[in-house]
Amino acid sequence: MEFTAPLKLNHVFRKLYAKGESAVGSFVVVYCRRNGLPGNRLGITTGLKLGNAVCRNRARRRIREVYRLNEAKLRRGWDVVIVARSRSIDGDFRDMQRSFLHQCGKLGLLREEKS
RNA sequence: CAACCGGGCCGGACAGCCGCGCGCCGCAGCCGAAAGGCGCGUCGUGAGGAAAGUCCGGGCUCCACAGGGCAAGGAUAACGGGUAACGCCCGCCGAAGGCAACUUCAGGAAAAGUGCAACAGAGAGAUACCGCCCGCGCGAGCGGGUAAGGGUGGAAACGUGAGGUAAGAGCUCACGCACCGGCUGGAGACAGUCCGGCGCUGUAAACUCUAUCCGGAGCAACACCGUGGGGGAGACAAUGGCUGGCCCGGCCGUCUCCGGGAGGUGGCAUGGAGCGGACCGGCAACGGUUCCGCCAAGAUAGAUGGCUGUCCAAGACAGAACCCGGCUUACAGACCCGAUUGUAUC
């Protein structure tokens with residue numbers, strides 16, 4: 001990924017859940033907050049409720065792929081945490097991308113369209 | 001051909017584009033004095049038969065290791081072998097099931113002792129309800145004998161037949177059964193048309209007894225480098241604490257709360273009780289190591305995904321986390337080998 005680092009510190013996750021902006025979609029829940037860094041940091045949460053390890057892996061990979069394909073459209077300097085919901089395991093991929101972009105638009109994460 | 005039984009093997013494939021972990025090599029790219037790091041590119045490689053449950057057995061690591069004794073707890077349970085070891089595997093015995101191939105087994109001891117045996121039933125190692133027989137009584141009944149018959153029950157005085165008797169009873173006999181001792185066979189569990197004794201219910205998945213084994217915790221172990229801190233408050237001063245049960249012995253100021261803190265490297269992967277084939281030994285598990293092949297994930301918010309197309313039997317269960325040997329559980333289906341039974345044909 002071009003400008004995104006993994007987010008691994010547990011206290012950052014908790015801070016985002018507590019103070020970050022959020023948007024709920026049918027595939028995922030997105031939390032975000034400015035981080036004061038030049039790039040973004042991405043964290044993916046796949047809870048035990050989703051199923052066994054295979055299901056959780058699959059959800060995480062599909063979410064990472066959605067993020068990767070649409071990374072160029074996002075603003076920089078944000079921490080983003082994406083929480084998987086059960087449809088992110090085997091829902092339609094194009095619907096999932098559309099839903100994610102809509103959520104990002106709500107949160108003001110999308111870059112201004114260059115006209 | 002069908003049904004069934006046992007074993008083995010595989011568990012979507014191929015192509016294109018984009019993307020990821022690791023390794024090697026390259027680079028007139030960036031940082032650095034250098035070592036090296038970052039970036040980019042080529043090539044290679046990249047989850048399972050159960051990776052799972054964490055149920056057993058080990059390796060490895062630390063703790064306790066100056067020990068000694070006792071107790072407790074846990075595990076296993078026919079016999080012989082295999083193995084580093086096992087509660088695993090193979091063979092075999094016994095029991096149960098199946099026409100059979102074959103499958104299943106918490107398979108030591110009830111004559112060391114204690115307990116329990118609900119309901120039913122007269123009675124559960126202690127018994128006479130009905131019945132049968134004898135005696136007494138006019139009679140209802142009473143006293144005694146009796147386990148052959150009835151009924152109850154998972155289980156009722158070893159079973160069947162004959163003799164015997166007042167009626168009966170292993171009381172006696174024949175055959176059988178169970179147990180104990182001998183003899184014969186077998187390496188042994190065990191088996192036997194043999195001989196003698198004996199006739200004593202079940203339950204140990206009740207306590208218990210017998211034999212064998214077991215120190216504890218785990219890679220978030222542990223080692224090294226680095227960072228922060230080396231502090232404050234309180235309690236008890238031996239009649240205390242530690243030596244994860246107790247005693248002897250040994251050691252020591254101890255304990256609780258609050259505050260501060262940053263992580264990295266090794267362990268860790270070209271391995272090892274390794275896998276496959278041939279040969280030799282063995283019924284087999286397995287061993288020999290003689291020969292020939294095969295082994296290449298190693299993350300640490302945790303690498304396999306997305307899209308498109310083709311094919312088919314239409315993709316199940318499911319993701320390595322220190323490493324091995326097993327067990328158990330989950331699983332759409334595909335293929336191969338062998339055996340049994342039935343049917344048809346020769």
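User: How do H2 and H4 lie to each other: roughly parallel, roughly perpendicular or oblique?
Analyst: Oblique. This is a predicted model, and in it H2 (residues 53–69) and H4 (residues 93–107) pack at an angle of about 60 degrees. Their axes are 10 Å apart.

User: Which hand is the crossing of H2 and H4?
Analyst: Right-handed.

User: Which residues make the contact?
Analyst: From H2, Arg62, Ile63, Glu65, Val66, Tyr67 and Leu69. From H4, Phe93, Met96, Gln97 and Phe100.

User: And by class, how many are nonpolar, polar and charged?
Analyst: The contact of H2 with H4 has 7 nonpolar residues, 1 polar and 2 charged.

User: What does glutamine 97 touch, leaving out residues up to four places away in sequence?
Analyst: Val66, Leu69 and Asn70.

User: Switching to the sheet. What's the strand order?
Analyst: S1-S4-S5-S3-S2. It is an open sheet of 5 strands, and the pairing is mixed.

User: Which strands are at the edges?
Analyst: S1 (4–6) and S2. Each of them pairs on one side only.

User: How much are neighbouring strands turned against each other?
Analyst: By 25 degrees on average, direction ignored.

User: Where do the helices sit on it? Which strands does H2 touch?
Analyst: H2 packs on the sheet and touches S1, S3, S4 (40–45) and S5. The direction of H2 makes about 155 degrees with that of S4.

User: And which ones does H4 touch?
Analyst: S2, S3 and S5. H4 packs on the sheet too, and its direction makes about 35 degrees with that of S3.

User: Let's do S3. In what sense does S3 pair with S5, and over how many bridges?
Analyst: Antiparallel, over 7 bridges. S5 covers residues 78–84. One pair to look at is cysteine 32, whose bridge partner in S5 is valine 80.

User: What about S2 and S3?
Analyst: S2 (residues 21–24) and S3 (residues 28–34) are also antiparallel, over 4 bridges. Alanine 23 has valine 30 in S3 as its bridge partner.

User: How many residues lie between S2 and S3?
Analyst: There are 3, and the two strands form a hairpin.

Definitions and conventions
Residues numbered from 1 in each chain as written. Chains lettered and ligands numbered in written order. Predicted model: local features only at pLDDT ≥ 70, side-chain atom pairs only at ≥ 80, totals over all residues. Heavy atoms only, no water. Axes fitted to C-alpha atoms, helices over the stretch in contact; angles between N-to-C directions. Parallel < 35°, antiparallel > 145°, perpendicular 65-115°, else oblique. Left-handed = near helix turned anticlockwise from the far one by under 90°. Contact = heavy atoms within 4.5 Å. Nonpolar A, V, L, I, M, F, W, Y, C, P; charged D, E, K, R; others polar. Pairing = 2+ DSSP bridges.
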